[in-house]
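Subject: Structure for you to look at

Hello,

Here is the structure I said I would pass on. Please open it next to this email and follow along; my notes come below it.

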Amino acid sequence: MEVINSCHDLFSLVDVLAKSSKAIKVASFGLWAGVFANGYSVAQKFNTRTYKTLGVLSKRNTRMIIGKPELICCEDGCKACEHKHMERVGRIKTTLDEFKIKHRIVSKNHAKFYLFDTGRYDVIVGGMNFTTSSWHDYMFRIQDKALYSRLSNDFNRWWK
Ligand SMILES: [Zn+2]
């Protein structure tokens with residue numbers, strides 16, 4: 001088992017494992033790569049780490065299930081809160097459409113994992129989202145057939 005506690009280490013490992021994978025399944029809560037809902041991008045300007053990784057994933061048979069935040073308004077029918085919510089959800093779709101990555105944007109998903117079909121049951125699982133963050137959090141790289149199967153079955157169920 002390998003402990004990962006920085007975005008840099010997480011996405012470096014994802015890049016490496018993706019290159020030897022036939023298929024990849026990703027679950028995350030939210031996604032940020034520097035592309036806004038209307039297509040405006042700061043990905044190049046800030047050299048977004050996640051944007052680079054999406055490029056790697058797009059060259060493989062990758063499917064992503066992304067949980068979206070619930071709409072919470074400061075008061076009933078607040079247009080500002082609704083607009084902010086639409087932007088947060090819309091940018092996930094705009095980003096994944098740009099990379100032509102197959103995806104589902106779903107409610108009530110807070111799972112974060114990567115399953116790599118390398119033939120070695122490579123799993124990365126833990127708390128980190130598909131974003132660049134300096135928050136304290138952990139992911140674990142584990143090669144385990146039972147864990148891989150369990151998460152793969154969950155993913156397939158959520159994909160429908
Ligand atoms: Zn509001």
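Strand 1 (residues 2–4) and strand 7 (residues 139–143) run antiparallel and are joined by 3 bridges. To find this pairing in the predicted model, look for Val3, whose bridge partner in strand 7 is Phe140.

Strand 7 also pairs with strand 6 (residues 122–126), again in the antiparallel sense, over 5 bridges. Here Gly126 has Met139 of strand 7 as its bridge partner.

Next, the helices. Helix 1 (residues 7–19) and helix 2 (residues 49–58) have axes that come within 9 Å and cross at roughly 15°. Angles under 35 degrees count as roughly parallel, so helix 1 is roughly parallel to helix 2. The crossing of helix 1 past helix 2 is left-handed.

Which residues of helix 1 and helix 2 meet? From helix 1 they are Cys7, His8, Phe11, Val14, Asp15 and Ala18, and from helix 2 they are Arg49, Thr50, Thr53, Val56 and Leu57. By type, the residues of this contact divide into 6 nonpolar, 3 polar and 2 charged.

Now the chain as a whole. Its secondary structure comes to 4 helices and 7 strands, and from the N terminus on the elements run β-α-β-α-β-α-β-β-β-β-α. The radius of gyration is 16 Å, close to the 15 Å that the globule rule gives for 160 residues, so the chain is as compact as a globular protein of that length. Along its principal axes, the C-alpha trace spans about 50 × 35 × 30 Å.

Regards

Technical notes:
Residues numbered from 1 in each chain as written. Predicted model: local features only at pLDDT ≥ 70, side-chain atom pairs only at ≥ 80, totals over all residues. Pairing = 2+ DSSP bridges. Helix = DSSP H or I, 4+ residues; strand = E, 2+ residues; numbered from the N terminus. Axes fitted to C-alpha atoms, helices over the stretch in contact; angles between N-to-C directions. Parallel < 35°, antiparallel > 145°, perpendicular 65-115°, else oblique. Left-handed = near helix turned anticlockwise from the far one by under 90°. Contact = placed C-beta atoms within 7 Å. Nonpolar A, V, L, I, M, F, W, Y, C, P; charged D, E, K, R; others polar. Rg over C-alpha atoms; globule rule 2.2 N^0.38 Å.
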